[in-house]
Amino acid sequence: TYRVEASVMDSIISKLPTTGSGGYFNSGIGATGVLSSAADFYSFMSAALIQPVFTSPVCGDGTCDSPLEYAGFGRFGCISDCGRYTNVTTLTVSLLEFYKNSTATNGWTGVTGMVRSSDPAFRWNIWSDTMQAYLLATDQVGATVTVEVPDGQLSLRLYQTVKVSETVDAQSIEDFTSARSTSLPTR
């Protein structure tokens, strides 16, 4: 609109230095302007318009600068400027350590010796399709965690960080699971 254009023009003109004859582009006989090249023009525009207008928002400055700042929850958004996001659900995730749960559920005996020698270092986190990010700042290790989650599709992602297939022989797997070693995949 005209108001936006006029505001931009006023901002640019107010930053221009006053010069004698010849204008700002150093044109004409006896010109003494300050913009003598394309590099001068871009440098001037950067200082006069781009840097003052296009600044990164700062959370906590009292202004909710949308879309980069938004109502917050957990580690996302800017609660101090934009308030709390209200469409959240409190979720508690409690996972038993894999081997303890497997032992209790399957009645495995003697598994503790295998556990100590080959820890798969299981980790988990919650993926939010809404945020396109993990909700917890760090991956969790068999802990109980309570977290606010936004409405939308969530996935509990479990994975191991240490390869243990070479440390557990097929006979041990057969002994603990009653699975025949011939039915196990080739390693």
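This is a predicted model: local features need pLDDT of at least 70, side-chain atom pairs count only at pLDDT 80 or more; totals for chains, interfaces and linings use all residues.
I50 lies in helix α2, which spans residues 38-53. Its relative accessibility is 39%, so I50 counts as partly exposed.

**Nonpolar cores**

- The largest nonpolar core has 12 residues, among them F73, F76, V93, W124, L135 and V149.
- Two or more residues of this core come from each of β2 (122-128) and β4 (144-150).
- The biggest contribution is that of β4, with 3 residues.
- A second, separate core has 5 residues, including F44, M45, A48 and L49.
- Leaving aside residues up to four places away in sequence, L135 touches F73, R75, F76, N125, I126, S128, V149, P150 and L154.

**Disulfides**

- The whole structure contains 2 disulfides, and the bonded cysteines, counted along the chain, pair in the pattern 1-3, 2-4.
- C59 is joined to C78 with an S to S distance of 2.1 Å; this link is right-handed, at 95° about the S-S bond.
- Both C59 and C78 sit in the loop between α2 and α3 (79-82), 19 residues apart.
- C59 is partly exposed because its relative accessible area is 46%, whereas C78, at 2%, is buried.
- C64 and C82 form a disulfide with sulfur atoms 1.9 Å apart; this link is also right-handed, at 100° about the S-S bond.
- C64 belongs to the loop between α2 and α3 and C82 to helix α3, 18 residues apart.
- C64 has 36% relative accessibility and therefore counts as partly exposed.

Note on methods
Residues are numbered from 1 along each chain as its sequence is written. Side-chain values use heavy atoms; hydrogens and water are left out. Helices (H or I, at least four residues) and strands (E, at least two) are DSSP runs, numbered from the N terminus. Buried means under 20% relative accessible area, exposed over 50%, partly exposed in between (1.4 Å probe, protein chains only). A nonpolar core is a set of buried Ala, Val, Leu, Ile, Met, Phe, Trp, Tyr and Cys residues joined through side-chain atoms within 4.5 Å. Contact means heavy atoms within 4.5 Å. A disulfide is a pair of cysteine sulfur atoms within 2.5 Å.
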